[in-house]
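Hi everyone, thanks for coming along. Please have the viewer open while I talk, and stop me whenever you like.

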Amino acid sequence: METGEEKTEARTGSLTIVGLGPGPAQWLTPAAQAAIDAAGDLIGYGPYLDRIPTRDGQTKHASDNRVEIDRARHALQLAAAGKNVAVVSGGDPGVFAMAAAVFEALEAGDPAWLALPIAIEPGVTAMLAAAAKAGAPLGGDFCAISLSDNLKPWEVVTARLDAVLAADLVTCLYNPISKARPWQLRAALELAAGHREPQTPVIFARAVGRPDEALRILTLAEAIEAAATADMATLVMIGASSTRLIARPGDDAPWVYTPRSVTKSPCATSQGRT
Ligand code: SAH
């Protein structure tokens, strides 16, 4: 016969949303690894789950990358049924990723889910990994924008781009291009050319931390022409007016950095006037 105590225990599941970092194991935090080890059920996009070695007794639930809300609901249902669930996300789970999908499902879902213990384990997000490879491009004020117009109209993307470029922020572009969105990156870079000099540094950081990593440091003019060569594994960073290069001897790529100090007003600098 089941005792009341056992019933309570069976219902106490948990949900942790875990950031895996950009790729390599050494960029996974010990806390994220501990959350993965503690979980009985792992949920995520197939390629992310493939990165994680499973131990005995763990079940992996792989899913397609496009069904984030379904994945989030599934995770909440499993946790509500008493499982210890980890939802895994590339980079940081709070940056254009699963943490927001889980809260969207929570907000609209079964009120009983509100009592579940939910935790988020941060990860190294792509723009920080890319910045670390390039030098210190995020030394001044910066922002991150997803170029994907799956979840917001393109006019919203361009209005935000215009505003942050006018404010002279270093601008990191996530989800820059895909087969379904082939022209948006070039359009975004052309928009940047209305606010920045053609020689402004632009970084195309592809697959940072993975074996196929490629870091390209271009000028804005070159980046416009090279837009089609970026892909979904690329993080694009458009410099502020003060972002500059420090040449290195030999074949080493120059360092890219943005000084911490600002002496001119954004309006003057973003228009190239002094
Ligand atoms: N949560 C993730 C971002 C998800 S959006 C994070 O925090 O990094 C997916 C986009 O992230 C990709 O289109 C790409 O722009 C960027 N990205 C993810 N991993 C990357 C990597 N290793 N190198 C460069 N960009 C990456």
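Let's begin with threonine 258: is this residue buried or exposed? It counts as buried, because its relative accessibility is 5%, and the cut-off for buried is under 20%. Keep in mind that we are looking at a predicted model. You can find threonine 258 in the loop between strand E13 (255-257) and helix H10 (266-270).

What does the side chain of threonine 258 reach? At 2.6 Å there is the backbone oxygen of proline 137. There is also a polar contact of 2.9 Å between the side chains of threonine 258 and threonine 243. Setting aside neighbours within four places in sequence, the residues in contact with threonine 258 are Ala136, Pro137, Gly139, Gly140, Val170, Ser242 and Thr243.

Now zoom out to the whole protein. How many helices and strands does the protein have? The secondary structure comes to ten helices and 13 strands. The C-alpha trace spans about 80 × 40 × 35 Å along its principal axes. There are 274 residues, and buried ones make up 43% of them. The protein exposes about 13,800 Å², with carbon and sulfur atoms supplying 55% of that area.

Here is another way to look at the fold. Take the contacts between residues at least 6 apart in sequence: 68% of them join residues at least 24 apart.

Two pairs of residues let you try distances in the viewer. Alanine 166, in helix H7, and glycine 194 are 28 residues apart along the chain, and their C-alpha atoms are separated by 9.3 Å. Alanine 166 counts as partly exposed because its relative accessible area is 29%. The other pair is proline 30 and glutamate 121, 91 residues apart along the chain, with 9.9 Å between their C-alpha atoms. Proline 30 sits in helix H2 (residues 30-38), and it counts as exposed because its relative accessible area is 70%.

Next, the inside. The largest nonpolar core has 26 residues, and those with the most contacts inside it are Leu147, Leu161, Leu173, Leu185, Leu189, Val202 and Phe204. Which elements supply at least two residues each? They are strand E7 (142-146), helix H7 (154-166), helix H8 (184-193), strand E9 (201-206), helix H9 (220-226) and strand E11 (234-238). H7 gives the most, with five residues.

Beyond neighbours within four places in sequence, leucine 147 is in contact with Trp154, Val157, Leu161, Leu173, Tyr174, Asn175, Pro176, Arg181, Gln184, Leu185 and Ala188. Another core lies apart from the largest one: it has 18 residues, including Ile43, Leu76, Ala105 and Trp113.

Asparagine 175 has phi near 45 degrees, a positive value in a residue other than glycine. It lies in the loop between strand E8 (170-174) and H8. Is asparagine 175 buried, partly exposed or exposed? It is partly exposed, because its relative accessible area is 24%.

Phenylalanine 96 also has phi near 45 degrees, again a positive value in a residue other than glycine. Look for phenylalanine 96 in the loop between strand E4 (84-89) and helix H5 (98-108). At 41% relative accessibility, phenylalanine 96 counts as partly exposed.

Finally, the ligand. How many residues surround the ligand? There are 20, and the closest are Asp92, Val95, Thr125, Met232 and Thr234. That shell divides into 13 nonpolar residues, five polar and two charged.

An oxygen atom of the ligand is 2.5 Å from a polar backbone atom of methionine 232. A nitrogen atom of the ligand is 3.3 Å from an N or O atom in the side chain of arginine 210. A ligand nitrogen is also 3.4 Å from a polar backbone atom of alanine 207. And how much of the ligand does the protein bury? Taken alone, the ligand exposes 540 Å², and the protein buries 92% of that.

That's my tour, so over to you for questions!

Terms used. Residues numbered from 1 in each chain as written. Heavy atoms only, no water. Near = heavy atom within 4 Å. Polar contact = N/O pair within 3.5 Å; in protein donor to acceptor, adjacent residues only side chain to side chain. Areas by Shrake-Rupley, 256 points an atom, 1.4 Å probe, with all protein chains shown as cover. Nonpolar A, V, L, I, M, F, W, Y, C, P; charged D, E, K, R; others polar. Core = buried A, V, L, I, M, F, W, Y, C linked by side-chain atoms within 4.5 Å. Buried < 20%, exposed > 50% of the residue type's maximum accessible area, 1.4 Å probe, protein only. Helix = DSSP H or I, 4+ residues; strand = E, 2+ residues; numbered from the N terminus. Contact = heavy atoms within 4.5 Å.
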